[in-house]
Amino acid sequence: MIRSAILFTLFLLAGCVAQQAPAADAPIPVQVATVSRQEAASQGTRSGRIEPWDTAVLSSQVAERIVDFPFNEGDPVREGQVLIRFDAGTAEAQLQQALAASDRAAATRRQAEASLARVTIETNAGLDSARAVVRGASAQEAKARAFTRQQELRSAEASVRAARAETELAQREYDRYKGLVEEDAAPQQSLDRAEAVLKAARAQLQTAEQSLSLAKEGARVEDQAAAAASLAQAKASLEAAEARPHRLEELRAQIAALAAQEGEARALAQQARIQLQHHIVLAPYDGRVLETMVEPGESVGTGAPLLRVGRLSKVKAIFELPEGRRAGLRLGQPMEVTVDALQGRRYKGELFAMDAEADLKTRTFQVKVALDNPGEALLPNMVTRLLLVEQTAGSPLTIPIAAVISRAEKPSVFVVKDGRAEPRDVSLAAPVGDRVEVLGGLAEGDKVVTTPLRVIPGTPVQQVSI
């Protein structure tokens with residue numbers, strides 16, 4: 001009703017001034033607009049608040065004393081920046097102990113592996129040596145029972161020469177590796193292997209010399225008995241050597257157990273390292289300190305809240321809308337808000353969340369609008385207003401409200417026809433913004449004068465489009 005009264009008053013004033021405008025023979029330049037169809041809309045606002053895009057309450061993961069906390073509420077922080085430091089003396093000592101235990105376990109395991117390698121070499125060499133002794137003793141025992149022939153004597157001599165050559169070669173190899181090991185140019189395992197080969201060669205030489213001696217002297221009863229005893233002893237030594245692989249299995253089992261202990265020690269060291277890392281609190285992202293809950297020097301328990309930080313490079317505006325307003329909204333819809341504290345500055349955003357259930361007390365739905373905030377001018381809990389535009393059904397004819405005048409208590413306009421301004425009564429709805437809906441009197445495409453104060457009926461006009 002008030003809007004209609006104001007509009008009516010404006011119409012009367014416009015008509016009075018128009019009647020006072022002097023007529024002129026020359027065409028009057030006027031601005032014109034075309035009657036067109038346009039969606040009409042009504043506007044409204046809804047107050048809300050600004051909240052950070054992300055908010056995090058950082059809590060303590062240790063029970064310790066705070067030794068450094070150089071931030072105040074409102075201070076900016078960067079992602080990964082140290083915000084709080086706790087006293088870490090005990091945690092550092094525990095980490096060093098765990099690392100030392102891990103190193104000891106690794107050293108013990110490596111020592112056992114070296115022992116396994118050495119015993120493996122000795123076992124293999126012992127087996128070779130024992131088998132050689134058995135073969136030699138068997139030959140001596142057989143020769144002791146039979147009369148030595150000339151060809152056997154020559155064969156025995158050849159065996160001695162071959163065994164002596166092998167022994168000399170093994171001795172030279174042993175001497176060479178011994179020198180290399182003393183100079184740290186070869187591993188100890190190489191020397192152990194050369195020593196085992198030398199022992200086997202010496203045993204072979206001894207057996208060959210004994211065979212040659214028997215071949216020269218001939219076999220006696222006591223020699224036969226001695227040869228049989230030597231053979232039995234050699235077989236017993238071989239059996240003992242063949243039993244040594246069981247020792248290797250024991251060493252392998254021991255190494256496996258030591259490796260498991262080493263893994264446990266490493267795990268404890270990793271836990272100690274993580275515990276030490278818990279003695280600092282890092283910023284989860286770029287933002288600002290919104291609230292501090294502790295002071296430097298204060299002792300806190302595990303799980304105690306320390307401070308609250310928020311991301312402000314992007315914020316969300318939260319509004320409570322009545323049922324009728326929610327129906328016309330959709331996710332992703334562009335929205336516009338103003339902020340009272342910033343002299344009504346407008347921000348464009350996007351609707352990204354809407355409640356699917358109304359509040360039981362207020363019967364309103366909460367909606368959230370995402371807003372970019374590069375300069376961080378929008379701060380938490382600022383009052384903001386959501387501009388709501390409600391579209392009416394259909395596409396009515398509209399004209400600029402500046403084109404409307406009043407004659408005989410009825411709205412009218414000047415229509416440009418054949419170069420002259422002709423008055424025409426119209427029926428109008430309530431204005432919306434700078435336009436008004438036409439209910440009757442005009443047709444789509446008509447040209448209306450938007451500067452009617454300069455025109456009287458029938459005046460020649462020169463059209464100037466806008």
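## A chat about Arg109 and the cores

Visitor: Hi! Is Arg109 buried or exposed?
Guide: Hello! In this predicted model, Arg109 counts as buried because its relative accessible area is 17%, and the cut-off for buried is under 20%.

Visitor: Where is Arg109 found?
Guide: Arg109 sits in helix H2, which covers residues 89-145.

Visitor: And what does the side chain of Arg109 make a polar contact with?
Guide: That partner is the side chain of Glu262, at 2.9 Å. If you skip neighbours within four places in sequence, Arg109 is in contact with Ile255, Leu258, Ala259 and Glu262.

Visitor: New topic! Which residues of the largest nonpolar core touch the most other members?
Guide: Those are Phe319, Val369, Leu371, Leu378 and Leu386, out of 20 residues in that core.

Visitor: Which strands supply at least two residues each?
Guide: Strands E10 (305-322), E11 (334-339), E12 (345-354), E13 (364-372) and E14 (383-391) each do. E10 gives the largest share, five residues.

Visitor: What does Leu371 touch?
Guide: Leaving out residues up to four places away in sequence, Leu371 touches Ile50, Lys314, Val315, Ala317, Val337, Tyr347, Lys348, Gly349 and Leu378.

Visitor: Last one: why does Leu388 count as buried?
Guide: Leu388 counts as buried because its relative accessibility is 6%, and buried means under 20%. Leu388 has its place in strand E14. The C-alpha atoms of Leu388 and Val337 are separated by 9.0 Å, with the two residues 51 apart along the chain.

Technical notes: Residues are numbered from 1 along each chain as its sequence is written. This is a predicted model: local features need pLDDT of at least 70, side-chain atom pairs count only at pLDDT 80 or more; totals for chains, interfaces and linings use all residues. Side-chain values use heavy atoms; hydrogens and water are left out. Helices (H or I, at least four residues) and strands (E, at least two) are DSSP runs, numbered from the N terminus. Buried means under 20% relative accessible area, exposed over 50%, partly exposed in between (1.4 Å probe, protein chains only). A polar contact is a pair of N or O atoms within 3.5 Å; within protein, one must be able to donate a hydrogen and the other to accept it, and residues adjacent in sequence count only if both atoms are side-chain atoms. Contact means heavy atoms within 4.5 Å. A nonpolar core is a set of buried Ala, Val, Leu, Ile, Met, Phe, Trp, Tyr and Cys residues joined through side-chain atoms within 4.5 Å.
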